[in-house]
Amino acid sequence: MFKITIYSVRKVERPLFEKLNKYDFDLNLVSERLTIDNVDKAEGSDAVLISGFDDCDGEIIKKLHEFGINYVYTRVVGVDNIDFTAIDGYGMQVANAPGYSPRAVAELAFILGMTLFRHVSPATYNTHMANFALLPSYFANEIHNATIGIVGAGTLGTAEAKLYGALGAKVLAYQRHPDPENKAVEFTDMDTLLKESDIVSMHIPYIPGKTGNFIGKEEIDKMKDGAILVNTARGPVVDNQAVSYAVRNFKLGGYGTDVLLDEDKIMGKQFDSLDDLPNDIDKDLMLNYPNVIVTPHMGFYTEKAVEDMINISFENFDSMLKTGKPTHLVNK
Ligand code: COI
């Protein structure tokens with residue numbers, strides 16, 4: 001029987017892995033995230049299935065190779081936690097799980113955007129401090145009169161565009177290679193998108209050396225005063241220091257994010273206070289609450305999305321066993 005060690009299996013996900021195992025794989029479900037300290041739990045397996053916060057650096061990949069494992073598949077879209085130099089050096093295969101319920105991430109991005117757009121975050125913060133004054137800063141636009149800028153109009157960006165479009169907003173998008181079939185957005189250049197949008201929402205992948213700080217000081221300066229920035233992609237696609245400065249100085253109206261820097265050291269953990277965060281930039285950014293709102297990378301965390309991730313991953317393994325190639329091979 002084909003044995004797969006699966007890391008980072010949360011309690012709510014365990015029954016789903018068992019229910020959806022229609023291929024009768026031998027599943028070794030490990031609740032902790034993959035680190036060098038528990039990589040030996042994969043010994044004796046044919047493959048590993050990881051998630052977005054698992055360590056998959058050169059040292060770990062070397063160990064997996066020593067265990068005779070050739071298949072390092074991930075059940076998320078992003079592969080920025082995987083060292084491809086090591087993977088390719090050992091001739092290993094990586095597959096991912098694109099296309100899992102795009103509404104999961106899109107709905108969270110939309111909610112973060114709307115929450116800041118209608119000033120709900122500062123308003124609820126103040127009412128909880130017993131301040132019921134109707135502050136001038138709560139005076140708002142309505143979404144059907146607003147322009148949204150989607151940066152990266154792939155599956156997720158387009159799903160978010162449709163949510164805003166359904167409410168009558170004008171939706172612009174920037175895409176390196178615009179899809180002429182995509183009618184949910186109006187494609188434009190980055191400068192126009194920044195200049196015209198009331199909410200800018202990030203949906204580009206983080207490719208080290210390429211898409212880091214895609215939105216930095218220069219881009220923020222081009223945005224409307226008081227515009228909202230939303231990031232449900234990856235922390236480093238935005239210059240978090242520049243964002244922090246812009247929110248503090250009221251250039252940006254707010255930043256809603258599901259992603260931070262150094263997430264592998266943060267996500268899933270309970271710290272005693274924000275002072276204990278391992279990254280000073282994250283800490284500084286979070287001090288701007290309630291105009292910076294942060295969720296713990298939970299965009300994917302819906303029943304439908306997790307089921308999709310498991311089904312797509314199992315299909316990847318099934319296809320690899322039948323044809324030698326997973327459905328979503330990453331390293332061609
Ligand atoms: C992704 O699919 O890339 C995600 O952001 C999900 C997360 C669990 C890392």
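A polar side-chain atom of H297 lies 2.8 Å from an oxygen atom of the ligand, within the cut-off for a polar contact (a pair of N or O atoms within 3.5 Å). The protein covers 93% of the 280 Å² of accessible area that the ligand has on its own, with areas taken from the Shrake-Rupley method and a 1.4 Å probe. The model is predicted: local features need pLDDT of at least 70, side-chain atom pairs count only at pLDDT 80 or more, and totals for chains, interfaces and linings use all residues. Residues are numbered from 1 along each chain as its sequence is written, and side-chain values use heavy atoms, with hydrogens and water left out.

An N or O atom in the side chain of R234 is 2.8 Å from a ligand oxygen atom, and a polar backbone atom of V77 is 2.8 Å from an oxygen atom of the ligand. The residues surrounding the ligand (a heavy atom within 4 Å) are S51, G52, V76, V77, G78, Y100, R234, H297 and F300.

The whole structure contains 13 aromatic pairs, defined for Phe, Tyr and Trp (its six-membered ring) by centres within 6.5 Å; planes under 30 degrees apart count as stacked, over 60 as edge-to-face and the rest as tilted. F2 and Y71 form a tilted pair, at 6.3 Å centre to centre and 55° between the planes. These two residues are 69 residues apart, F2 in the segment before β1 (3-6) and Y71 in strand β4 (residues 71-74); strands are DSSP runs (E, at least two residues). Ring pairs link F2 and Y71 into a cluster with F17, Y23, F25, Y73, F314 and F317.

Terms used
Polar contact = N/O pair within 3.5 Å; in protein donor to acceptor, adjacent residues only side chain to side chain. Helix = DSSP H or I, 4+ residues; strand = E, 2+ residues; numbered from the N terminus.
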